[in-house]
Amino acid sequence: MSALIEPADLTHETDLVWLEDITDLDYVRQSLDRVSSRRRQPPYHRDGRLVGYAILGPTAKASRASGTHLRRVFWLAPHDRDQQPDGLYSSGAPSEAVDPRTLRPGVKGYKTERSEGGPASDAMREMGITLPKA
């Protein structure tokens, strides 16, 4: 879950790779997966689809026990808002969801009014909240 990701888990990230355009996605789910590579596209074994993943730099050390790296992956389930706008998440968002516009290498990201099913960034600007620039 997104809430369980600690800043220390993200210190070796150097880039985020998006496999699809995130412009129209209100949220993506993020989680940490154990994978064998720091850079290659990780395998995906969940229901739904892989939307993006983090690249780790050369200082990222593999686990001594498993030889794997902890890497962030971004994904969507078949019942998420992008596929079922009037479904379970027509308002609100899953606990591991964040607005993809708030994500950067080493930055956990956060939920926004938009990711929770509310109006897009115009309302956020009126409240004095601005998103970090890409």
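Arg81 lies in the loop between S4 and S5 and Asp26 in the loop between S1 and S2, so the pair ties together parts 55 residues apart in sequence. Arg81 itself is buried, at 10% relative accessible area.

I noted that the model is predicted. The chain has a mean pLDDT of 88, and 86% of its residues reach 70 or more. Among the elements, S1 has the highest mean (98) and helix H1, residues 121–126, the lowest (49).

Next I traced the sheet. It is open, with five antiparallel strands in the order S1-S3-S4-S2-S5. S1 (13–18) and S5 (97–98) each have a single partner strand, so one side of each is left without a neighbour in the sheet. I counted seven bridges between S2 and S4, and I found Asp33 opposite Arg71 in S4.

I then went through the salt bridges, of which the structure holds 10. Arg72 pairs with Glu13, the closest N and O atoms being 2.6 Å apart. This pair links strand S4 to strand S1, 59 residues apart. Arg72 is buried at 0% relative accessible area, and Glu13 is buried at 9%. I also found Lys111 with Glu116 at 3.6 Å, N to O. Glu20, Arg49 and Asp82 form a network of salt bridges.

Last, I checked the largest pocket, which has a volume of about 190 Å³. Its lining has 13 residues, with Asp9, His12, Lys61, His69 and Leu70 nearest the centre. By class, I read five nonpolar, five polar and three charged residues in the lining.

Methods:
Residues numbered from 1 in each chain as written. Predicted model: local features only at pLDDT ≥ 70, side-chain atom pairs only at ≥ 80, totals over all residues. Heavy atoms only, no water. Pairing = 2+ DSSP bridges. Helix = DSSP H or I, 4+ residues; strand = E, 2+ residues; numbered from the N terminus. pLDDT = per-residue confidence, 0-100. 1 Å grid on protein atoms, 1.4 Å probe; cavity = no way out; pocket = protein on both sides within 12 Å on 5 of 7 lines; lining within 4 Å. Points joined across faces, edges and corners; volume = space filled by probe spheres on them. Nonpolar A, V, L, I, M, F, W, Y, C, P; charged D, E, K, R; others polar. Salt bridge = Lys/Arg side-chain N within 4 Å of Asp/Glu carboxyl O. Buried < 20%, exposed > 50% of the residue type's maximum accessible area, 1.4 Å probe, protein only.
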